[in-house]
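Here is my note on the model you sent. Please read the points with the structure open beside you.

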Amino acid sequence: MSSEGAFDRFSTTVDAAAAIAGLRDAALLERIKTPERIHEVSIPIVRDDGSEAIFTGYRVQHSSARGPYKGGIRYHPNVTLDEVKALAGWMSVKTAVVDIPLGGGKGGITVDPRRLSKRELEALTRSYMERIWRVIGPQIDIPAPDVNTNSQTMDWLADEYARLSKGNAPGVVTGKSIAHGGSAGRDTATAQGGFEVLHAALGAAGENIHDTTVAIQGFGNAGANAAVLLSAAGARVVAVSDSTAAVAVPGGLPVAELVAYKSKGGSFADLPDYDLKPADEPLHAEADILVPAALEGQITAANADRVKARWILELANGPTTPEADAMLERRRVQVLPDILANAGGVVVSYYEWVQNLHSEKWLREEVEARLAVTMRRAYERVAELATFKRASYRLAAYVIAIERIAAALKAQGQEGRIVLGR
Ligand code: NAD
């Protein structure tokens, strides 16, 4: 890990992009970087054995310049305020780079969800909503799933919000189950969005997905769905990992089998018939494309020189530190940055929100077709600017995002008055 915290890394990248954009208004730049509001909450629950436990949770409302705050909720033992602030900042630039009318926020609870029963997890989720419901809402702040949270978690949150606010408001969270107002295509959206970006970038370089080999770190919503889409397109998935172990087969892994194994709750460390490797193996695997799809701060100055891939598709948020980024750039490894590559999830979350607000139900094909257009348009704008400014895709994406956020802040006007977040 880099010595810098995740939020400092976010700030460093915004500063570098501001220099390229020629944004010299220091006060405006500070407003673009600084969270508008931070909520820290204590979350009490009654354990199955009757004892009481208290967990710490956060909701960071980073920017509402372009619309209501939007961003997932993470359950993980390493969740810290610094991490949630960074994740919230990345959401603000992500919604801006794909140009959807939303801002950025993020939430998290410091907890190891594997140590809680299903009843305890439901209690934790409802108790968290009890703490934050007054400061969120369909026109204020709209949470969604992230690491270790899923459609079941979102259904509990929506139900608890309806109970507390005494009204049905499905648009208060996205990533719900279809039965509870979720959108078709949300489950695969992050992977599909990444696939569209990769397809366009490889195409521009005269390459094709079906001739490639792929290594994937993390085999949850983002990573496993990416494995399915990439192998369906003819790529050979040669290495994958979860938090317990990696499996690697140069001839290609049986993706459908591994997905079925994980969906039953299995860990790769318990997989029979495989030569198991350490969980970071995919980062250094012999493959054309590396897909980090686990957590932030994985590709660092300490291991960037061992990356063999020519392309990196960042489905995880913040997987590459700025030092590693510079090393990869020197070696001409093409990094398709998180705020573009994994934006498919928030784009379809936006579609879910629109459907909820208008009591509509869109077909999966409709959702996928709209997503493909949005992602390709965003990629093209980023690629164009990267060429024009001779900048990395990452910095080009940040330039586009901060210019849009700056324009929204300026358009609010109100000369001389600091305009507070919604
Ligand atoms: P998830 O909980 O569904 O899956 C995470 C996976 O990563 C699991 O397989 C876990 O075992 C694995 N993992 C954790 N630590 C690891 C390690 N050290 N080495 C190898 N594997 C490890 O989470 P997800 O929703 O797929 O999210 C993964 C990443 O993608 C996160 O950075 C998240 O912020 C980002 N992301 C997710 C979405 C989404 O819609 N789910 C959208 C945008 C970005």
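1. Basis. This is a predicted model, in which local features need pLDDT of at least 70 and side-chain atom pairs count only at pLDDT 80 or more, while totals for chains, interfaces and linings use all residues. Residues are numbered from 1 along each chain as its sequence is written, and side-chain values use heavy atoms, with hydrogens and water left out.

2. Ligand shell. There are 23 residues around the ligand, and Asp146, Thr190, Asn221, Ala222 and Asn317 come nearest; a residue counts as near if one of its heavy atoms lies within 4 Å. The shell is made up of nine nonpolar, ten polar and four charged residues. Here Ala, Val, Leu, Ile, Met, Phe, Trp, Tyr, Cys and Pro count as nonpolar, Asp, Glu, Lys and Arg as charged, and the others, Gly among them, as polar.

3. Ligand oxygens. A polar side-chain atom of Asn317 is 2.8 Å from an oxygen atom of the ligand. For Ser243, a backbone N or O atom lies 2.9 Å from a ligand oxygen, and for Arg186 a side-chain N or O atom lies 3.2 Å from one. Taken alone, the ligand exposes 830 Å², of which the protein buries 85% (Shrake-Rupley method, 1.4 Å probe; for residues, only the protein chains shown count as cover).

4. Ser63. This residue lies in strand β2 (residues 52-63); strands (E, at least two residues) and helices (H or I, at least four) are DSSP runs, numbered from the N terminus. Ser63 counts as buried because its relative accessibility is 7% (buried is under 20%, exposed over 50%, partly exposed in between; 1.4 Å probe, protein chains only). Beyond its neighbours within four places in sequence, Ser63 is in contact (heavy atoms within 4.5 Å) with residues including Glu36, Tyr69 and Ile405.

5. Salt bridges. The structure holds 29 of them, each a side-chain nitrogen of Lys or Arg within 4 Å of a carboxyl oxygen of Asp or Glu. Arg74 and Glu83 form one at 3.1 Å, N to O, and both residues are buried. They also belong to a salt-bridge network with Lys106, Asp146 and Glu296.

6. Two further pairs. Glu160 and Arg163 pair at 2.7 Å, three residues apart in helix α5 (residues 151-165). Glu160 is buried at 4% relative accessibility, whereas Arg163 is exposed at 52%. Arg364 forms a salt bridge with Asp187 at 3.2 Å. Arg364 lies in helix α12 (residues 364-389) and Asp187 in the loop between α5 and α6 (189-204), so the pair ties together parts 177 residues apart in sequence.

Definitions and conventions:
Polar contact = N/O pair within 3.5 Å; in protein donor to acceptor, adjacent residues only side chain to side chain.
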